[in-house]
Amino acid sequence: MLEYLMPEYKVIRDKDRCIECGACARQCSNEVHKIEEDGSLSADEVKCVNCQRCVCLCPTRAISIQKYENNFRENANWTDQSMKEIFKQAATGGILLSAMGNPQPYPIYWDKMLLNASQVTNPSIDPLREPMETRTILGRKPDSVEFDENGRITTEIPPGVTIDVPIMFSAMSFGSISLNAQKSLAMAAKELNTFYNTGEGGMHQDLFPYADHSIVQVASGRFGVHKEYLERGQIIEIKIGQGAKPGIGGHLPGEKVNSEVSKTRMIPEGSDAISPAPHHDIYSIEDLRQLIYSLKEATGYKKPVAVKIAAVHNSAAIASGIVRAGADIVVMDGYRGGSGATPTRIRDNVGIPIELALAAVDQRLRDEGIRNQISLVIAGSIRNSADIVKAIALGADAVYVASAALIAMGCHMCRTCNTGKCNWGIATQRDDLVKRLNPEIMSKRVVNLIHAWDHEIQEMLGGMGINSIDSLRGNRLMLRGIGLSEKELEILGIKHAGE
Amino acid sequence: MKRVYAVEKLCLNCKLCEVYCKTAHSKSKNVIKAYKYETPVPESRIFVEGDNTASLAFSCRHCEHPACVEACITGAMVKDPETGIVTNVKERCIGCMTCLLVCPYGAIRPGHIAYKCDLCQGETTPACVANCPNHALVYIEGGSEK
């Protein structure tokens with residue numbers, strides 16, 4: 001059949017610089033580069049996904065990947081993208097799959113909010129000279145606190161966890177990412193005194209040493225869940241939805257279920273791991289309450305239970321129900337949040353921006369007087385420390401990051417995780433690719449990133465005259481909107497710049 | 001003494017160690033010039049064997065009692081009593097390759113003369129180790145036990 005799809009990228013090889021060492025050919029799992037019999041190199045560009053592995057490894061910087069310049073006749077309605085998608089579906093008859101979060105040009109509200117700073121009337125604080133607190137405690141907080149005559153707290157404090165930075169690593173299962181990638185995050189979480197999340201796929205035994213810094217996930221497929229697993233985690237997270245694919249389950253193809261994945265997930269080797277769209281035992285808030293309390297019962301009421309939902313239209317009401325169902329932490333994931341594989345149409349069209357969902361949920365829980373009963377954690381594309389500061393000012397207790405952590409480990413957002421051929425050793429189970437990710441190096445890079453962000457958070461807090469992240473939480477007066485409509489400002493609960 | 005040790009489970013088979021070894025032993029110390037314009041073409045002294053599934057970089061072990069030094073018929077192969085580095089003095093080497101035959105590690109490569117690792121002659125970190133993208137080469141004391 002005649003191929004209508006042209007390559008997306010061109011591989012430009014500067015012959016004056018290329019020394020024909022062949023590193024590009026040996027590193028490309030997509031088999032773009034090839035060493036010819038005469039030792040010269042050629043490229044089959046159709047297969048290129050622009051992951052930049054060859055570019056980074058080339059010792060003479062002889063390679064660059066450029067857009068393949070081939071334009072269809074301009075049309076604001078029938079864009080190149082929409083036509084290419086039709087060509088693809090006409091050729092295969094399948095649904096379109098993609099990876100990572102929603103890439104469409106919807107508004108990014110983080111970029112439409114500005115932070116305050118102290119001038120004259122209240123002094124700003126220099127975090128290099130004065131103590132600055134970014135430690136965060138997650139979990140249910142009591143409605144009131146009582147003391148005895150010696151000033152000791154007599155109120156029973158519900159189980160909580162303390163993290164040194166308001167940043168955790170979100171759920172990415174062993175299967176969707178490699179064990180080395182998980183190990184890097186676990187090592188980083190330990191070093192930073194925060195948490196990584198096992199995702200739905202159980203905990204591999206190599207991660208047991210990091211159990212004190214683990215969040216264990218219970219999702220609709222219940223893979224790898226047993227009593228010891230629950231006991232190993234410090235937080236138990238029930239995953240209802242994921243920002244990149246609200247309303248959709250998961251599917252780990254059988255070819256990624258090797259012996260290690262099979263052992264950890266407790267499923268036969270080579271079998272597809274299908275997580276249903278709903279939990280088949282949860283059809284109401286009351287059902288959710290049963291699962292929350294089953295998990296609490298199983299672990300002796302010692303650990304906070306989190307419930308993760310995708311940010312959707314009625315998030316505020318749903319979150320209120322989750323709090324009343326007995327959860328200690330509500331996690332919300334926005335549509336920019338990543339995924340190893342997701343139907344393109346879902347990714348690009350379902351869900352709402354996390355900023356709006358966060359503001360709406362925080363406000364609703366305050367209005368109902370139950371905000372103290374949970375901690376609010378948000379996920380779904382935190383790109384830098386300013387996003388975190390804005391999220392906390394909007395009402396979040398902490399944030400989850402995943403894409404940013406993967407980028408720190410080498411991910412170049414080529415968004416082809418679903419192929420399982422990740423050249424950076426992240427979203428793959430192929431031994432020859434997994435070993436490219438050395439946890440010793442990568443955990444260090446992730447730690448560096450979070451340290452850098454923590455410093456920046458402290459700088460921004462100091463500038464606002466605040467010396468503790470707790471004083472920023474829900475402090476929306478520190479935010480001003482820019483270029484936003486009345487309605488958007490109303491939902492975000494912030495004033496416009498200049499007001 | 002400090003030696004270069006290869007970690008098999010981390011080796012990517014990218015062979016950048018070879019590229020940087022060659023460059024470190026070139027006149028220009030520039031990758032492109034070393035490969036494209038220098039004569040004689042500089043030789044690499046570290047060699048990656050295997051494929052993407054399993055690979056390993058081989059280089060001189062700088063043995064305690066080097067067979068190559070004992071076997072060398074011209075006295076070109078010498079072990080520095082202080083640093084322990086085994087070097088082939090190129091002015092004396094006649095390229096008979098006796099050293100190559102006796103080396104138990106296959107760490108010597110033939111050419112006009114015998115080429116072998118000299119630990120970059122006093123550099124704090126040899127070029128192969130400094131440029132390994134995955135830390136699959138380490139330069140440490142007593143690495144064989146680790």
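In which hand does α4(A) cross α14(A)? Hold that question for a minute. First, some orientation.

What you see above is a predicted model.

Chain A first. Chain A holds 16 helices and 21 strands. Its C-alpha atoms fill a box of roughly 90 × 55 × 45 Å along the principal axes. How does the radius of gyration of chain A fit a compact globule? For 499 residues, such a globule would come out near 23 Å, and chain A has 24 Å, so the two agree. Buried residues account for 48% of chain A. Now take the contacts in chain A between residues at least 6 apart in sequence. Of these, 68% join residues at least 24 apart.

Now keep your eye on one helix, α14(A). It covers residues 439-463.

Start with α4, residues 179-192 of chain A. Its axis comes within 8 Å of the axis of α14(A), and the two cross at roughly 45°. That angle makes α4(A) oblique to α14(A). Back to my opening question: the crossing is right-handed. Who makes the contact? From α4(A) come Asn180(A), Lys183(A), Ser184(A), Leu185(A), Met187(A), Ala188(A), Glu191(A) and Leu192(A). From α14(A) come Pro439(A), Met442(A), Ser443(A), Val446(A), Val447(A) and Ile450(A). By class, that is nine nonpolar, three polar and two charged residues.

Look at the numbering in those lists, and keep one rule in mind. An α-helix has 3.6 residues a turn, so residues three or four places apart point the same way.

Next is α11, residues 385-394 of chain A. The axes of α11(A) and α14(A) come within 9 Å and cross at roughly 55°. So α11(A) is oblique to α14(A). This crossing is right-handed. On the α11(A) side, the contact uses Ser385(A), Ala386(A), Ile388(A) and Val389(A). On the α14(A) side, it uses Trp453(A), Glu456(A), Ile457(A) and Met460(A). Six of these contact residues are nonpolar, one is polar and one is charged.

One backbone detail before we leave chain A. Arg61(A) is not a glycine, yet it has a positive phi of about 50°. You will find Arg61(A) in the loop between α2 (53-57) and β4 (63-67). Is Arg61(A) buried or exposed? It has 12 C-beta neighbours inside 10 Å, so it counts as exposed.

On to chain B. Chain B has five helices and six strands. Along the sequence they run β-α-α-β-β-α-β-β-α-α-β. The C-alpha box is roughly 40 × 40 × 30 Å along the principal axes. With 146 residues, a compact globule would have a radius of gyration near 15 Å; chain B has 15 Å, so that agrees. Buried residues make up 39% of chain B. Of its contacts between residues at least 6 apart in sequence, 56% join residues at least 24 apart.

Two loops of chain B deserve a stop. In the loop between α2 and β2 of chain B sits Pro40(B). A cis peptide bond joins Thr39(B) to Pro40(B), with omega about -5°. The other loop lies between α5 and β6 of chain B, and it holds His135(B). His135(B) has a positive phi of about 55° although it is not a glycine. With 12 C-beta neighbours inside 10 Å, His135(B) counts as exposed.

Now find α1 of chain B, residues 16-24. How many of its residues are buried? Nine of the nine, so α1(B) is largely enclosed by the rest of the structure. Among them are Leu16(B), Glu18(B), Tyr20(B) and Lys22(B). What covers them? The cover includes α2 (31-36), β2 (47-50), β3 (55-58), α5 (127-131) and β6 (137-141) of chain B, together with α1 of chain A.

That brings us to the interface. The contact takes 16 residues from chain A and 17 from chain B. On the chain A side, α1 (23-27), α13 (431-434) and α14(A) each give two or more residues. The most come from α1(A), with three. By class, the chain A side has six nonpolar, three polar and seven charged residues.

Terms used. Residues are numbered from 1 along each chain as its sequence is written. Chains are lettered from A and ligands numbered from 1 in the order in which they are written. This is a predicted model: local features need pLDDT of at least 70, side-chain atom pairs count only at pLDDT 80 or more; totals for chains, interfaces and linings use all residues. Helices (H or I, at least four residues) and strands (E, at least two) are DSSP runs, numbered from the N terminus. The radius of gyration is taken over C-alpha atoms; the globule rule is 2.2 Å times the number of residues to the power 0.38. A residue is buried if 20 or more other C-beta atoms lie within 10 Å of its own, exposed if 12 or fewer, and partly exposed in between; C-beta atoms are placed from the backbone. Two residues are in contact if their C-beta atoms, placed from the backbone, lie within 7 Å. Ala, Val, Leu, Ile, Met, Phe, Trp, Tyr, Cys and Pro count as nonpolar, Asp, Glu, Lys and Arg as charged, and the others, Gly among them, as polar. Axes are lines fitted to C-alpha atoms, for helices over the stretch in contact, and angles run from 0 to 180 degrees between N-to-C directions. Angles under 35 degrees count as roughly parallel, over 145 as roughly antiparallel, 65 to 115 as roughly perpendicular and the rest as oblique. A crossing is left-handed if the near helix is turned anticlockwise from the far one by less than a right angle, and right-handed if clockwise.
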